[in-house]
Amino acid sequence: LNECEEWGYCDQLCSNSFGTYNCSCIEGYERRNDTCVAKATYPKMSLFVEHVDDMIYEFDPSGKEIKKITNASDASDIDFNWRRKRLFFTDAEKRKVFNVHANPSPRGKDSFQVVYSLPGSWSPVAVAVDWITDNVYVVDALGQKVDVFDVGGIHNAIVLSSNLTSPVDISLDPTVGYMFITDNLRVVRAHMDGSFLKPIVVDTVYRASGIAVDIITKRVFWTDILLDYIETVDYDGKNRHNIFRGVSNIQTPSRITLFERKIYWIDSTKLAILSVDKFKGKNSIKPVIPLTKDGKDPKGIVAYHENLQPSADNPCKSSSCAHLCIITARSENEGSSLSDNLGYRCACNVGYRLVNNRRCERIEEFLMYSQQKFIKGKVLNPDTSSFTDAIQPIVSRSARFVGLDFDYYEGYIYYSDVILDVIYKVKIQGTERENVLASQNEGVEGLAIDWASRNLYYIDSRKGTLNILSTRNTTYRRTLLEDLKRPRAIVVHPNKGYIFFSEWDRPANISRANSDGTDVLVFENVLLGWPNGLSMDYEKDRLYWCDALLDHIQHADLNGNDVRTISSRLIRHPFSLVVYGDKLFVTDWRLDAIIEMNRVDGSGERIIEKVEESNRLYGIKIYSKSAQKIIEGHPCHKDNGGCAKLCFPIPDNKTDVGIVARCGCPYGEKLSSDGRNCESDPGTEPPVPACKHSWDFTCDNQRCIPKTWVCDGDDDCLDNSDENQNCTAPTCTENDFQCGNGRCIPKGYFCDGDKDCDDFSGCQNVTCESNQFSCDNGRCIPMTWKCDGENDCGDSSDEGDFCAEKTCAYFQFSCASSGHCIPQSWVCDGDNDCFDNADEEGCPPITCSASQFKCNNQKQCIHESYKCDGITDCEDASDELGCPSIAPDQCADQQFKCKTSGICIPIRWHCDGTPDCGDGSDEPSTCGSIDCQENYFQCKNSKCVYKSFVCDGEDDCGDGDGSDESLEHACKAPEFVCPSGTWSCPGITGHCVPHDKICDDHIDCPNGADEGPGCDANECSNSRSVCSNGCIETPGGALCTCPKGEVLNGTECMDLDECAVPGMCSQICTNVKKSYICSCVDGYELEGNTSVRP
């Protein structure tokens, strides 16, 4: 037995010999009672923690208070630099990291502090200090990244920004150049320069929280705040050992720190600091410091001692880095000596790029893309794989950023959030964010900037409109095109005066229009499935688009001719693309990646950026001045073309530059006679009305919110106008309860167990119901929340000592390895909820739908289209087993190959009644009778169109009869016809008078049209030989009449087909001469003359 490879024999160094072993300590420690402890000549270890009154305190190991250090409103993490005697802590509330003296003098001479902060939304939740170079690493939970600062806060860079999903804590070992991060469902390791990121723990991790490293034994310790345990692995993720687990021993551990053999952690349920001997486990648990009883969740803790930061050689001393020098491991060679494998790498501030491995130069152009709740920028063709962020990410807590463009000359990035329905602009430095449009749009998926005319075009996919607003004055806006069918993407060519846009609804279209929306040209003979993204090659004047259904890229000239196809071996589901220079960049949903290739033939394709699936890629651009050239003499660039409000460059071959300025006006206005100014004209296109409901509040930006949201402390308007309504002293209604902080909540929310007031107002003397638990602080919570491992009371009284023997309830399943309780409904649901598959063992095979593929493990279903697509979706990779190899010129099994173009289309398009291939090869005469698919309507000419096209006002069938717009669909009300024996009043729809009331000297029509001088003309005497039946005098002359059941056809009477009028019979109508007969289908009988009943 090699004891040195086993857990628990030696706490530091171990040497093995035959039949025995020997333990020893490193420099700075001594053996005492078979344990390595710090030498007595060293200062004693102390603990820095956030305490009850928003202060950071220093305690000794027994929990005795030493001193107060500094104020801290929300110190979520703490670290130190022993050599500099500095303390670092994050404050997520203030969005800053503070650097203060660890031992401030009473007079405060050394109380100066350094503050680290970044523009925009920044959520610093964890900090770690590299004590060798003095660099400071900060975890940004919102930005899902790790930032690094020099100790003075002058320089900063992003060391890691890709492939983190929910980072919580960080720990460093600069002696070997590694950093370790808890990232929700895993623990990851990376070099300290951000390279070689890899998970080292993925099994049985639910929400990894605190992390600490033992730099002596090269082990990582972490806590899981939901599975309630502390565990450890070595730096390679091997030799895993559980220290202790289970809610009876540990509950919601948030932060962790190490010293000697002790592990100290903050228990967010018990609101205390506890300790445990890492070798003795649960039997050695001891409370150290009770922290607070106010319901606040404490997090920050660090052990402070010289031995925790041993001195070491600094490789950066010999560097000549312009901005930052980063210690890092030299390679990922697992067999190399860690101590000899330490090097450094130069890094530049965000916004700069590294040149010649030392020098930094400002970035002039970069790749920019939207990614769920991020806008990110990456260096083009970087020299290294690390530090490639060109801008600080633009981020939101809850958003879906889709539309994306920029104005280089103004330095603004424009982007849309389709969740809040807002268009924003922000400086590339992350400052000066503004709402460009916060109302009256419902899903802006595509937007495009005319940087010469300073107009912003945007697609409203839900309303089906193409709109414009002036970036000079965002109140100048109007709709250019309406009734578009699922419009998706848009691109503008300011120097040619064109805009191009795509529509998704089949048959999909790409169209070109003048920049003012006139002269729309639909590209003909272009096979399209889902035209997702559009981009312009401004050098060659060619339009590019990517198709997410046909999975290819095409480009054509500006008239839609000379269409060429780029086939790719990588593309699976393209969303957006951009052309720049000789390169083409594509975002792909299935790959969760950005692909680069040659713009002409697609050669040299490679993945240049890979992202997590949870952060889906959307728009993509190249931020560059050369991408936004303005031709000399552009008519709208200077002085807005002389236009008072909107200026549109319009194609005109008569001018030297090929375009001419045309002025326009916003909603409710029209051009005056001078063609430049605007005058009021609400009739042409009135402004969109403000909030019309009585329960709505109209914000200053015209956004609509419920009136109950006004003065509630939240900026719901997005311009704070709902909180600027004399909100100093809110008055609650009789149905509300007023919190101690002035907020009004419904009385039903009072003492219901939810923290609606944020201050637990008034719940101290409340009698709880029999099905509730009475907390020590007077709150009432559901009895089922007692002993559930969460601090629901706010003072942890629901998780007291009486919970020590807690077991899972009868309706829960107990995970064997972790002791965690999960709902029984989670057992055998195909998800590994226990993280050791205990809940999925011995389960019957899962049932998949007809459109799904069942993986060989019988536990997972995937979409049928994912089988044999080159991407492994099944956990056992069975979806890619036995797949046939497909030549570049072949189509897959579920596709049909067009004869002339060779393009592969979905097999369901073959013989569906719609010719998709340009040569009609998908609809040969051999198709025979065509049955349309579900959700399609079959026209009289057998063509199949979407049912949504029926009654849309357009002849989509193209059969001349408009069979998709006919009366049988009730697309519009049938033409009104007066009954037999009556006459229709001229000029008034739907008003009839009997024949004997015409010309009787009494006005019966509302407008008096049944009487007049024409009544005395006596024209019937001259018309008897013309009318086949009868004749009556009317103010307009003689009128031929017909008997009941007949209708006039010119001057002749013919049989009236009553059955042609909708609603004559409720089921079957049979026309007979001068009448009709109603009847019923089997199972019904006639009720009255026209209706039926069962």
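Student: Which cysteine sulfur is closest to that of Cys 1080?
Tutor: In this predicted model, the closest is the sulfur of Cys 1078, at 8.3 Å. A disulfide requires sulfur atoms within 2.5 Å, so that distance is too far for a bond.

Student: And how far is the sulfur of Cys 546 from the closest cysteine sulfur?
Tutor: The separation is 17 Å, to Cys 904, which is also too far for a bond. Cys 546 is buried, with a relative accessible area of 0%.

Student: How many disulfides are there by this rule?
Tutor: The count is 23. One of them joins Cys 768 to Cys 780, with an S to S distance of 2.1 Å. These two lie 12 residues apart: Cys 768 is in the loop between strands E64 and E65, and Cys 780 is in strand E66.

Student: What is the handedness of the link of Cys 768 and Cys 780?
Tutor: The link is left-handed, with -90 degrees about the S-S bond.

Student: Is Cys 768 buried or exposed?
Tutor: Cys 768 counts as buried because its relative accessible area, 18%, is under the 20% cut-off. Cys 780 is buried as well, at 2%.

Student: Moving on, where do Cys 855 and Cys 874 sit?
Tutor: Cys 855 is in the loop between strands E69 and E70, whereas Cys 874 is in the loop between E70 and E71, 19 residues apart. Their sulfur atoms are 2.0 Å apart and form a disulfide. The link is left-handed, with -80 degrees about the S-S bond.

Terms used:
Residues numbered from 1 in each chain as written. Predicted model: local features only at pLDDT ≥ 70, side-chain atom pairs only at ≥ 80, totals over all residues. Heavy atoms only, no water. Helix = DSSP H or I, 4+ residues; strand = E, 2+ residues; numbered from the N terminus. Buried < 20%, exposed > 50% of the residue type's maximum accessible area, 1.4 Å probe, protein only.
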